[in-house]
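Hi,

Here is the structure we talked about. Have a look, and my notes follow below.

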Amino acid sequence: MLEKMKELITQYVDVTPEEITEDARLIEDLHFNSYDFMSMLGELEETFDVTVDEQEMTDIRTVGEVMKYIESLQG
Amino acid sequence: MMDKTSVRTLQDLLTEAAASYGDKVYMREKAGKEFADTSFAQLTENCRRVSAFITERTEGRKAHAAMIGLTSAAYLTCYFGTACMGNVSVPLDAQLGAEDLCDHLQRADVEIFFFDKRYAPMLSVIRANCPMIHTYVAMQDMEEEGIFNLSAVLAEYAPAQWTPLDPESCAAIVYTSGTTGKSKGVMLSHRNLIDNTMCQDGESSTEDTTMTILPIHHVYCFTCDILLGLRYGTTTCVNDSMMRIPQNLKLFQPTTLLLVPMIAETIYKKIKAAAATMPDVPIAAIGQGVFGGRLKRIYSGGAYLNPELLKAYREMGFIVCQGYGMTECSPRISTARDDDTNVGDVGTLVNGCTVKIVDGEIWAKSPSVMMGYYKNPEATAEMLTEDGWLRTGDLGYVDEENRVYITGRKKNLIILSNGENVSPEELENKFSGLDWVGDVLVYAEDDGMITAEVFPHPEYLAANSMEAVTEAFKAHVQAINKTMAPAKNIRRLRLRTEDFDKTTSRKIKRTQTTKGEICG
């Protein structure tokens, strides 16, 4: 999943795939703005065929946390 | 054709829209895989039913009713049902925490509360803190004692006969961030909102479709998506989530869009990324595809649109109209015309608006300028002169063609690129009353990060290790962030061991010669 995340993230922010680790923080390290982040969530919904709950995303800060959340939705 | 002589209040606007556009779809929402449509006539009739309900609940007395939720026909039914009967609507920020929500409800003297079901968990706190509210109405059905359901109201109440309203009467109280730290309630009259709706011509038509993206409690969205849609007979589709803008653009295929620069920027990044993978396809075609295939016009406001981005959009064949305004002016002061190719300005003054420059600051005067701040004559006097000029707090100038140029902000407000205003004082106040805090300054750094720079109380600093002090501040910032909307979170902490530069009256200077070390 990390590879897919890297592919998606580099479409939104100007970082190299090497900078994208599970510990990377979306806003502080990868320089996402709030709308970039929301758009990427919409794309994750389509890519992984899940329905994301915006409220539950407010505590999520890192790439790893996004992955864990998507995995939890996939059951 | 609606004009200023026939439409003077929101009530006139709804009545005329129902008469002119009848069963045409006004609002289109997603309902699972289907559309839920509301016509102009249906919206107006439902508003009259809500008016009848309110009149019964208040026994004919005029009252204030607040509404919180995402954009929907139900939300507008509550809003207009309130204001068109001579009551006052109080649209609230859907991102407010319970504490601020109660504060806004109390300060606006709200008696009736319309809420989206997702706010139901906050009801117990609101009930405990807002004893003035006697009527709670859920916009979606729920079963709880003492709660009315909007669907039942619409089924049970016959449409009220609206009696003519005074255009000068207050239609809405809209909260805005202020430099004093506490948000202020901007009182907008029917005349204010209608003037801003009617001040330009030919901006849209019955052939147009728009997709509304911005928060409904913002007057920019309310006037330019909702009210202009009613005036021109435009179908207004509702974007159900910021996450799904690209998908919804394809679904609704809007012809016009109201955006803030942050969204325009992100969509452009996607267009560029797609163009890189399809070198043979013209970027204009890719752009059109991303926006659904029918887009003609983009309105941008709320924050400054980077000129390069403006040019890039125009090169793709879109009409881009950048505008400028503020809640206190309902909101438009200037907007670009369709044939405008200029870059660097924020549009031409709208009809009926005049400005003058006083000590570099833009002052505006028009029938759209607010009545004042609710129950806050001091703040009103700071913002409005006795002869009706609005001090915008923006520095700039106007050229001989009435184009407006902004050069800076007089106020301290932090303007995020999504158009949200963050009052530094609001965040600084969260550190007050703690005996281990000396002083604090909140500002946006050059990279846009909201930073809190803190100077611990000297005694606390002397008695504790730097690690302990740092940890205490980090924990406090985390606690503050939990109570604030994500956009207003403090993202960087700077700790200083020397006091701030201060003025003679011991106020911290907002421009400091040295900075504290980053520690979180």
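Which residues are buried in helix 10 of chain B? Before I get to that, a word on the model: it is predicted, so local features need pLDDT of at least 70 and side-chain atom pairs count only at pLDDT 80 or more, while totals for chains, interfaces and linings use all residues. Residues are numbered from 1 along each chain as its sequence is written, and chains are lettered from A and ligands numbered from 1 in the order in which they are written.

Back to helix 10 (residues 261–277) of chain B. The buried ones are B:Pro261, B:Met262, B:Ile263, B:Ala264, B:Thr266, B:Ile267 and B:Ile271; buried means that 20 or more other C-beta atoms, placed from the backbone, lie within 10 Å of the residue's own. Their cover includes helix 2 (34–48) of chain A, along with helix 9 (245–252), strand 12, helix 11 (283–290), strand 13 and helix 12 (307–315) of chain B. (Helices are DSSP runs of H or I with at least four residues, strands are runs of E with at least two, both numbered from the N terminus.)

Helix 2 of chain A turns up again where the chains meet. The contact takes 16 residues from chain A and 18 residues from chain B, with contact meaning C-beta atoms, placed from the backbone, within 7 Å. On the chain A side, helix 1 (2–12) and helix 2 are the elements giving two or more residues, and helix 2 gives the most, with eight.

Now the sheets in chain B. One is open, with nine strands in the order 2-1-11-10-12-13-14-15-16 and mixed pairing; to pair, two strands need at least two DSSP bridges between them. Its edges are strand 2 (34–39) and strand 16 (348–349), each pairing on one side only. Within this sheet, strand 13 (residues 297–300) runs parallel to strand 14 (residues 319–325), joined by four bridges. B:Ser300, for instance, has B:Gln322 in strand 14 as its bridge partner.

The other open sheet has four strands, ordered 24-25-26-27, again with mixed pairing. Strand 24 (437–444) and strand 27 (517–518) are the edge strands. Strand 24 pairs with strand 25 (residues 450–456) in the antiparallel sense over seven bridges, and B:Asp439 has B:Phe455 in strand 25 as its bridge partner.

Cheers

Conventions: A residue is buried if 20 or more other C-beta atoms lie within 10 Å of its own, exposed if 12 or fewer, and partly exposed in between; C-beta atoms are placed from the backbone. Two residues are in contact if their C-beta atoms, placed from the backbone, lie within 7 Å.
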